[in-house]
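Please keep the sequence and the structure in view while reading.

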Amino acid sequence: MARLRRRGEFWLVPSHGQGRGGSPHKVRPHPTTPHCSCPDHTLHGGKCKHIYAVEYARQRENAVANDPHDEAEIPVAPPPRKTYPQAWKAYNAAQTQEKAIFQHLLKELVRDVGLETSEASNGRPRFPLEDALFCACFKVYATFSARRFMTDLRDAHGKGYISSVPHFNTILNYLGAEATTSILMDLVARSSKPLSGIETDFAVDSTGFSSSRFDRWFDHRQKKLRQEHSWVKAHAVCGVKTNVVTAVVIGEKNAPDGRQLPQLLAKTAEHFTMREVSADKAYSSFANLDHVDRYGATPFIAFRRHVSGRGPKVWEKMFLMFQLEREAFFAHYHKRSNIEACFSMIKRKFGDSVRSRLQVSMKNEVLCKIICHNICVLIQEAHELGIELKYE
C-alpha cells in the first residue's frame, strides 16, 4: 500500500521508480487548477493518477491540519485495476480452428492474383504464382525454416490448396523477387477489406524487424570497426477496433515516418471510410494534417513543442483543441496505442525478426507476417462478431 506525506501546501506521492533511486512526485491540490510534477501532467495537463490519489487522501483525512511541518503518513489504497471482458467461447473456437481456416482463407486471398507468363522456352514451367504466394505466407505463419516446413506443404497439397509440392528453394526464390513486393502490399490491403464496415478510426506508426545479418562499417572518427543488426522498417495503418492492418509501406530503414503518411492514407481509403486518424509527433506537419482532412477525417496528431497555431485551417482548428480541450483531444489521440498493440500481436505470434538475409527477402517476409496477422484477425472477428469468412 502506497503512503503519501504532506509538506506544507504540497503532497509527496511515491513514484513508480522511487525504489530504484527515483524521487516522489510533488502534488499541489487546488479545486480548479491542481498541479503535479509528473511527466504525464506536465505534458498532457488534466488530472493525473497522483492528483486523484491526493484528493482521495484528503477526503479520508480532512481533519488533518494544514501544518507546513506536518509529515503525517496517510495510507492510500491503490486504484482498482481496469479490466476488459474476454469472449472466451469465441476466442477458444477461433484458436482451436485457426490453422485449418487460415489455409482456406489464404487460398481464397491469393486465388487468381495473377498468372506467371514469363516461362522459359526450354526446361520445366515456372511454379504458379498463386501457389508460390500461398506457400510463402503459409511458411511465415508456421514460423518454420523452409526445410522443416515441407511437411506442412505436403499436407496442404493433399488437401488441394496447391497444385504441387515445390522445392524449398522455390519458395525462397519467390520471397527474394522484387516483383513479389508490390503483390504482397496489395494483398495486405485486400486481406483487410472484409472489416471495412467496422473500422472508421485508424492509427499510424512504424516498427522495425531485425535479422541475423550484420551491417559493418568503419568509424573514421572513433577509428574502430562498428556493426549492428540489419533490420527492415514497416510503416503501417491499423484500425483501432480490430487491429487489422489496412495499408503498409516497407521503405528504407532510416526514412522519416511523416513522409509515408500520404501513401498509407491513399491505400486505406480504397476500402475504408476514415473518420479519425491518430499519430504521434513524427507525423505532425501542415501537409499531413491537410492530407487527413482531404479524406474527411479528423487528424488527432500530437503537436511538437514550440509550434504556433498559425497555419492552414485544419492546423489552427486542431491546435486550438490541443491547447484548450486537452482531455478531449487526448481521449481521441490515445487510440494511437492500438497500433502499438497491433505490432505486439504480429511480433509475439510470428516473431520480431526475419529469417531472410537479403534486403528484398526481408521486406517480403515482413509483408507476409502482416498478411498472416490480418487473416488471423478476420478469423477472430468472425467468431466474435459473426462476420462472413470470405475474400471476394
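## Cys342 in helix H12

Cys342 is located in helix H12. In this predicted model, the residue has a relative accessibility of 0% and therefore counts as buried, since the cut-off for burial is under 20%. Setting aside residues up to four places away in sequence, Cys342 touches Cys238, Asn243, Val245 and His373.

Sequence separation and spatial separation can also be set side by side for this residue. Cys342 and Ala203 stand 139 residues apart in sequence, while their C-alpha atoms are 9.9 Å apart in space.

## Asn243, a contact of Cys342

Asn243, one of the residues touched by Cys342, lies in the loop between strand S7 (224-239) and strand S8 (245-251). Apart from residues up to four places away in sequence, Asn243 touches Glu199, Cys238, Asn338, Ala341, Cys342, Met345, His373 and Val377.

The backbone of Asn243 deserves attention as well. Its phi is near 65°, a positive value in a residue other than glycine. Most residues other than glycine have a negative phi.

Thr143 is placed in the loop between H4 and helix H5 (150-158). The phi of Thr143 is near 60°, again a positive value in a residue that is not glycine. Is Thr143 buried, partly exposed or exposed? Its relative accessible area is 34%, so Thr143 is partly exposed: the value lies between the cut-offs of 20% and 50%.

## The second largest pocket

The second largest pocket has a volume of about 400 Å³. It is lined by 18 residues, of which Tyr91, Gln95, Met345, Cys376 and Gln380 are the closest to its centre. Helix H3 (88-110), helix H12 (337-350) and helix H13 (359-385) are the elements that give two or more residues to this lining.

Which element gives the most to the lining of the second largest pocket? That element is H13, with six residues. By class, the lining of this pocket comprises seven nonpolar, six polar and five charged residues.

## The largest cavity

The chain has one cavity of 30 Å³ or more by the rule applied here. The largest cavity has a volume of about 40 Å³. Its lining is formed by Ala132, Leu133, Ala136, Tyr174, Leu175, Thr180, Leu184 and Cys368.

At least two residues of this lining come from each of helix H4 (129-142), helix H6 (168-175) and helix H7 (179-192). H4 gives the most, with three residues. The lining of the largest cavity divides into seven nonpolar residues, one polar residue and no charged residue.

Ser361 belongs to helix H13. Because its relative accessible area is 7%, under the 20% cut-off, Ser361 counts as buried. Beyond its neighbours within four places in sequence, Ser361 is in contact with Leu175, Gly176 and Ser356.

## The chain as a whole

The chain contains 13 helices and eleven strands. Of its 392 residues, 44% count as buried. Among contacts between residues at least 6 apart in sequence, 61% join residues at least 24 apart. The accessible surface of the chain comes to about 21,400 Å², and 50% of it belongs to carbon and sulfur atoms.

## Confidence in the model

How high is the mean pLDDT of the chain? It is 85, and 88% of the residues reach 70 or more. Over residues 116-121, however, pLDDT stays under 50, and the model has seven contacts beyond four places in sequence for this stretch. Where pLDDT is low, the predicted coordinates should not be read in detail.

How values were computed: Residues are numbered from 1 along each chain as its sequence is written. This is a predicted model: local features need pLDDT of at least 70, side-chain atom pairs count only at pLDDT 80 or more; totals for chains, interfaces and linings use all residues. Side-chain values use heavy atoms; hydrogens and water are left out. On a 1 Å grid over the protein atoms alone, a cavity is a set of points where a 1.4 Å probe fits but cannot get out, and a pocket is an open set with protein on both sides within 12 Å along at least five of seven lines; lining residues have an atom within 4 Å of a point. Grid points are joined across faces, edges and corners, and a volume is the space filled by probe spheres set on the points. Helices (H or I, at least four residues) and strands (E, at least two) are DSSP runs, numbered from the N terminus. Ala, Val, Leu, Ile, Met, Phe, Trp, Tyr, Cys and Pro count as nonpolar, Asp, Glu, Lys and Arg as charged, and the others, Gly among them, as polar. Buried means under 20% relative accessible area, exposed over 50%, partly exposed in between (1.4 Å probe, protein chains only). Contact means heavy atoms within 4.5 Å. Accessible areas come from the Shrake-Rupley method with a 1.4 Å probe; for residues, only the protein chains shown count as cover. pLDDT is the predictor's confidence in each residue, from 0 to 100.
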